[in-house]
Amino acid sequence: MSEGRPYGFEVVRLARIEARLVAYDWAWARDNAERIAENWRRRLALQPGLFDGPVLLSCLCAIADGTCRIDFFETSYAAFIAYRDGGSPDGHVANAFAAVVPWSADGAVLLGQMGAHTANAGQIYFPCGTPDRDDVRGAVVDLAGSAVRELREETGLALPGGIADAMAGAWALLRGDGQLAFLYPARFPETAEALAARMERHRLAESEPELERVVTVRGAHEIDAARMPPFVRAYLASAFEADAAEADVTP
């Protein structure tokens with residue numbers, strides 16, 4: 001079910017995701033090898049800690065009856081970054097990824113601001129990452145597993161109820177701007193203050209934390225247009241609007 005286009009993103013509710021790894025000849029990457037190499041040199045000069053490993057991008061996404069079927073192919077991180085930095089000029093290829101959205105018991109969303117050494121320094125995200133070979137099980141791309149792993153690595157949080165809940169629950173797909181963001185809202189039993197404290201303890205225990213700080217958002221008025229990418233703003237606007245509408249009809 002589609003829910004409009006906040007910040008230019010279509011919000012689609014999904015009951016199931018079927019993701020697989022396929023062979024794909026990416027013409028854009030083949031034709032732009034010099035641009036990719038030059039962009040990577042520029043990126044490394046700014047952030048020497050970046051690593052050019054294999055990642056997965058999407059070459060097909062189809063939705064029917066609440067199920068999304070999505071195909072992934074493997075490419076280099078350098079090619080992906082050059083493609084993204086160039087505005088995603090090939091309409092057939094998208095940056096597709098999954099993330100758990102931590103909701104507190106008192107109705108807040110917990111996010112993190114990325115550290116200065118990361119590719120998305122200063123931006124405020126849900127815990128997420130571009131899928132890679134570690135997320136492949138045979139021919140299946142395990143998006144739920146990818147989301148749960150990123151949540152644990154960046155925040156130290158474990159999904160309430162385990163990974164099976166993420167695979168069977170309701171997802172929100174944010175589609176637009178060359179991205180396919182599969183977001184799974186997970187309600188934690190702690191208050192926002194307690195949940196943020198757990199995330200902060202994990203962050204401080206890491207030798208090189210990905211997050212610079214934990215960010216708590218309690219309503220649409222706290223959406224940060226300067227540091228939150230459009231898909232994050234779109235999700236938060238849609239989610240808090242839905243919460244407000246539900247509150248209006250609750251006796």
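This is a predicted model: local features need pLDDT of at least 70, side-chain atom pairs count only at pLDDT 80 or more; totals for chains, interfaces and linings use all residues.
I call a residue buried under 20% relative accessible area, exposed over 50%, and partly exposed in between (1.4 Å probe, protein chains only). I number residues from 1 along each chain as its sequence is written, and side-chain values use heavy atoms, with hydrogens and water left out.

Entry 1, salt bridges. I searched the whole structure and got 17 salt bridges (a side-chain nitrogen of Lys or Arg within 4 Å of a carboxyl oxygen of Asp or Glu).

I looked up its pairing with Asp-224: a salt bridge at 2.9 Å, N to O. Asp-224 is buried at 17% relative accessibility. Arg-227 is partly exposed at 35%.

I found it bridged to Arg-133, with the closest N and O atoms 2.6 Å apart. Glu-74 sits in strand S4 (residues 67-76) and Arg-133 in the loop between strand S7 (124-125) and strand S8 (136-137), so the pair ties together parts 59 residues apart in sequence. I took strands as DSSP runs (E, at least two residues), numbered from the N terminus. Glu-74 is partly exposed at 38% relative accessible area. Arg-133 is partly exposed at 46%.

I noted a salt bridge with Asp-142, the closest N and O atoms being 3.8 Å apart. Asp-142 is buried at 14% relative accessible area, whereas Arg-137 is partly exposed at 44%.

I traced salt bridges linking Asp-135, Arg-149, Glu-150 and Glu-153.

Key. Helices (H or I, at least four residues) and strands (E, at least two) are DSSP runs, numbered from the N terminus.
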